[in-house]
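Work through the two exercises below with the structure open. Try each task before reading its solution.

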Amino acid sequence: MAMEVSSDRWIKCISTQGNIRGVAIQATELVQQMAERHQLKGQAVQGLGEAVVGALLIASYCKAGQRINLNIQGSGPFKQALVDAHPDGTVRGYIIERGEPQAPGAPLGEDFGPWGEGLLSVLRTREGDEVAAKPYIGTVPLLTGHLAKDLSFYWVQSEQIPSAVGLAVNMEGDRVSSAGGFLVQALPGASALDVRVLEHHISEIQSLAKSIAENSSPMHLLSQIFQSTAFVVVEEKPVQFQCNCSWERVQRALVLVGVPELEAILVEDKSAIVKCDFCSTEYRMDEGELRGLILRLKEASASGVDEVSD
Ligand SMILES: [Zn+2]
C-alpha cells in the first residue's frame, strides 16, 4: 500500500550566534484529518487546530521520551481542549464545544479572543512514569482568550523564556486550506536589540493567517521572522496524527469497570461501546464477547487470580 505523502512538518532553527531559537510548523493535513475524525465544523476546527499546533510547538522542545498535555479550559464557545503531543511529532487531541449560549453575567471585553477566560495548563511527563516521576505542570490564566498570546504568556510566566507565538488555521468552506504556527524564543545571551529586531519582523507579518495562506512552508515563515539574522536548521521532522488507543487498552478499561456493572450493561444494552475521546474511534464488544469477559473475570476471582490474561 502506498503511503500518503504529507508535507506537514516542523522545522527548528537557531541563530548562528546561538541566542535565538525558533520552530515553525505546517499542519494543514493533520488538522483537516482530526476535524474529520471528530466531525467538527467551522470555528471548532480552528479552535482544535490552534490547540494542536500550540501543543506541537511545546512538544518540539521536549526531550525524547517525554510528552506534553496541553489543557485549555475556557469560557468562550469552547469549553475545553485537551491535546497530547510528543517530541517525535505525533499528536492527538479533542475539543469540547460549549453547545449552549454563554452564561450571562460574565461579559467579556471586545478584545477577548474565542477562548474567553479560564486556564491554560501544560503537563509534562516522561512516557510510562506518570506515577513514579513528578510531572511538571505549568498553569497560567487565559489573559486574552487568544491562544497564541496566552501561550506566549505561558512561556514567559511558567518557563521564564521570553517568547513569541503565532497560530493560524485558514478554512475554505468546511476544509482546512492551511494551518500552522511558530514559536520564537530569546535564549540567554540574546540582547535587547536582538529581541527587538525579531519582534519587529514578527509585527511586520501583519496577518499570520494571510501569510500562511500564501505560503505555508515552515522555512518560508522562519525566513520572514529571522530575515537578516543568520540561522541554521537544527531539525526537520514530519508531524502527524496518531492515537495509541487499542482494543487491548479498551478491554483493560472494561475489566476495571467490574463484574456487577458489566452485567448491568449486558442486561440493558447487550453490548458495550467504548469511544476514545482523543480520536473518536469506537470499540464495540458484542453480547458474546461481553459474556466471555464476565465469565473470565468470575473465574479469575474464584481462583484468586487478580488479573485476567488474554
Ligand atoms: Zn484513540
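Two exercises follow, on a predicted model.

**Exercise 1. Find which protein atoms are the donors of the zinc ion, and work out what arrangement they make.**

Step 1. The donors are the SG atoms of Cys243, Cys245, Cys276 and Cys279, at 2.2 to 2.3 Å from the zinc ion.

Step 2. Along the sequence, these donor residues follow the spacing C-x1-C-x30-C-x2-C.

Step 3. Cys245 sits in the loop between β11 (240-241) and α7 (247-257), and Cys279 in the loop between β12 (272-275) and β13 (282-285), so this pair ties together parts 34 residues apart in sequence.

Step 4. The angles subtended by the four donor atoms around the zinc ion are 104 to 113°. Four donors count as tetrahedral if all angles lie between 85 and 135 degrees, so the arrangement is tetrahedral.

Step 5. Is Cys279 buried or exposed? Its relative accessibility is 3%; because buried means under 20%, Cys279 counts as buried.

**Exercise 2. Determine which residues of α7 are buried and what they pack against.**

Step 1. Val250, Gln251 and Leu254 are buried in α7.

Step 2. Viewed down the axis of α7, the buried residues fall within an arc of 100°, so they line one face of the helix. An α-helix has 3.6 residues a turn, so residues three or four places apart point the same way.

Step 3. The buried residues of α7 pack against α8 (259-269), β12, β13 and α9 (287-302).

Step 4. Arg252 and Leu256 are exposed, on the face of α7 turned away from its buried side.

Step 5. After α7 comes Gly258, with a positive phi near 95°.

Notes. Residues are numbered from 1 along each chain as its sequence is written. This is a predicted model: local features need pLDDT of at least 70, side-chain atom pairs count only at pLDDT 80 or more; totals for chains, interfaces and linings use all residues. Side-chain values use heavy atoms; hydrogens and water are left out. Donors are N, O and S atoms within 2.8 Å of the metal (3.2 Å for Na, K and Ca); water is not among the atoms, so sites may look incomplete. Four donors count as tetrahedral if all angles lie between 85 and 135 degrees; four count as square planar and six as octahedral if opposite donors are over 155 degrees apart and all others between 65 and 115; anything else is irregular. Helices (H or I, at least four residues) and strands (E, at least two) are DSSP runs, numbered from the N terminus. Buried means under 20% relative accessible area, exposed over 50%, partly exposed in between (1.4 Å probe, protein chains only). The arc is that of the directions from the helix axis to the C-beta atoms. Contact means heavy atoms within 4.5 Å.
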